[in-house]
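Here's a quick briefing to read alongside the model. Have the sequence and the 3D view open as you go.

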Amino acid sequence: MANTQVNAQKRPPNFVVIFCDDLGYGDLGCFGNPTIRTKQLDRMAAEGMKLTQFYVGASVCTPSRAALMTGRLPCRSGMCGNKRRVLFPDSKGGLPAEEITLAEALQEGGYATACIGKWHLGHHKQFLPTNNGFDYYFGIPYSNDMDRVPEAPKGRASMWNPKSEYFNVPLMRNEEIVERPAEQTTITRRYTEEAVKFIDEHQEEPFFIYLAHSMPHVPLFRSPEFEGVSRRGYFGDVIEEIDWSVGQVLQKLRDTGLDDNTLVVFCSDNGPWLPYGDHGGSAGPLRGGKGSTWDGGMREPTIFWWPKTIPAASVAADIGSTMDLMATFHSLADLEMPNDRTFDSHDLTPVLKQTGKSTREAFFYYRGYDLTAVRYGPWKLHFKTQAGYGQPKPEIHDPPVLFNIEHDPGESRNVAKENPEVIETILAEVKRHQSEMVFAESQLEL
């Protein structure tokens, strides 16, 4: 272990991104949940930093994951759509080859790279992780509720009492299907084992692991060991198994002496799937959930952990985004950002080390190709609002509605009349943003 520690100090840091699916802002103990026990994540927060105003690039799976991987708004890469909002098993498109992924950048910088878990950026060969910067892939290529078999119970019956055989989802290793349907009751455990194994096998070189859990996306599954352990019921069981998984990864880093040279990020792709009731999560104090550009759809419970670099028990209220991982990882790995394209990425290093603030002033909320809202400092201006599900058409706001989101995280008190100068400032920022925006053709609607 001593040799590993010495070698680790001479090389750039390792990166591990743990990304959940449909986890809400209020689903962790350290973010206020009263009944879900997340002792490993609570410890991670106590040893690291909570980011309380951290956003994803979209409110549904595919565009959110594309934003993380590319450091760019999904409308720049075409990984979004107004008709089809995510990729499906019959989709022809996927992440365009000309996009530079976080994995490709780190791989070129000498990193060993692994994608473990849900991908959802294209299931055809050219779009798979192994053709987008990852040396190794183990996981499912799209959501765990897809490929439902004709024999499965109709409607939501398959979701309330799910069985793996209801969903003909493939489990892949690199480019080969190794199990179909994927046995989902053990999938969180197997993802965890793969991540721990990858750390073991790559101790002597810098590595990047993207551990993208399938859960807690409905249908919910958990291992037998986690059945009935949570006061929150089935959903709580699932989260407590994810919490166990995080503990296994962090403990492996400690055991190998790599903890002091590894940045671990915990986040989720979008907010809770509210129509599923007890099988969905909670956005806590935030309004809305998955599918909406209310903050409950796009602000996520986020923890950064890096012992001896990130101050323990720290909290940052800077506006951040998964898109910022691109610039932050480049900075920490001492790599040059590509200069041939527009990025929506800001270096969070000063925030993490508490030496300064984020340079991000604005955040743009897109639903497909529609700019529906803008965050600027403490303010959020909505042009359109729409519930994630059950509201077929958006409500158009003319004039726009304004919230001070730091005073009013539930977005309930419109303060537009009292703040005309704020609206003018934000509209000028929107004009600047739109003047340089170039939309790519939708890959989801090919």
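**Two helices in contact**

Lys 39, Gln 40, Leu 41, Arg 43, Met 44 and Glu 47 of H2 touch Asp 243, Val 246, Gly 247, Leu 250, Gln 251 and Arg 254 of H8 (contact means heavy atoms within 4.5 Å). This is a predicted model, where local features need pLDDT of at least 70 and side-chain atom pairs count only at pLDDT 80 or more, while totals for chains, interfaces and linings use all residues. Residues are numbered from 1 along each chain as its sequence is written, and side-chain values use heavy atoms, with hydrogens and water left out.

**More on H2 and H8**

- The residues in this contact of H2 with H8 split into 4 nonpolar, 3 polar and 5 charged (Ala, Val, Leu, Ile, Met, Phe, Trp, Tyr, Cys and Pro count as nonpolar, Asp, Glu, Lys and Arg as charged, and the others, Gly among them, as polar).
- H2 (residues 39-47) and H8 (residues 234-255) pack at an angle of about 50°, their axes 7 Å apart (axes are lines fitted to C-alpha atoms, for helices over the stretch in contact, and angles run from 0 to 180 degrees between N-to-C directions; helices are DSSP runs of H or I with at least four residues, strands are E runs of at least two, numbered from the N terminus).
- That makes H2 oblique to H8 (under 35 degrees is roughly parallel, over 145 roughly antiparallel, 65 to 115 roughly perpendicular, and the rest oblique).

**Buried spots**

- Helix H10 (residues 324-332) has 8 of its 9 residues buried, so it is largely enclosed by the rest of the structure (buried is under 20% relative accessible area, exposed over 50%, partly exposed in between, with a 1.4 Å probe and protein chains only).
- Asp 334, with a positive phi near 60°, follows H10.
- Leu 352 sits in helix H11 (residues 349-352) and counts as buried at 3% relative accessibility.
- Setting aside neighbours within four places in sequence, Leu 352 contacts Met 49, Leu 263, Phe 304, Thr 309, Ile 310, Pro 311 and Thr 328.

**Rings and charges**

- The count comes to 21 aromatic pairs (rings of Phe, Tyr and Trp, the last by its six-membered ring, pair if their centres lie within 6.5 Å; planes under 30 degrees apart are stacked, over 60 edge-to-face, the rest tilted).
- Tyr 55 and Tyr 365 pair edge-to-face, 5.6 Å centre to centre with 80° between the planes.
- Tyr 55 is in strand S3 (residues 54-55) and Tyr 365 in strand S13 (residues 362-367), 310 residues apart.
- Lys 380 lies over the face of Tyr 365, 3.9 Å from the ring centre (NZ of Lys or CZ of Arg must be within 6 Å of the ring centre and within 35 degrees of the ring normal).
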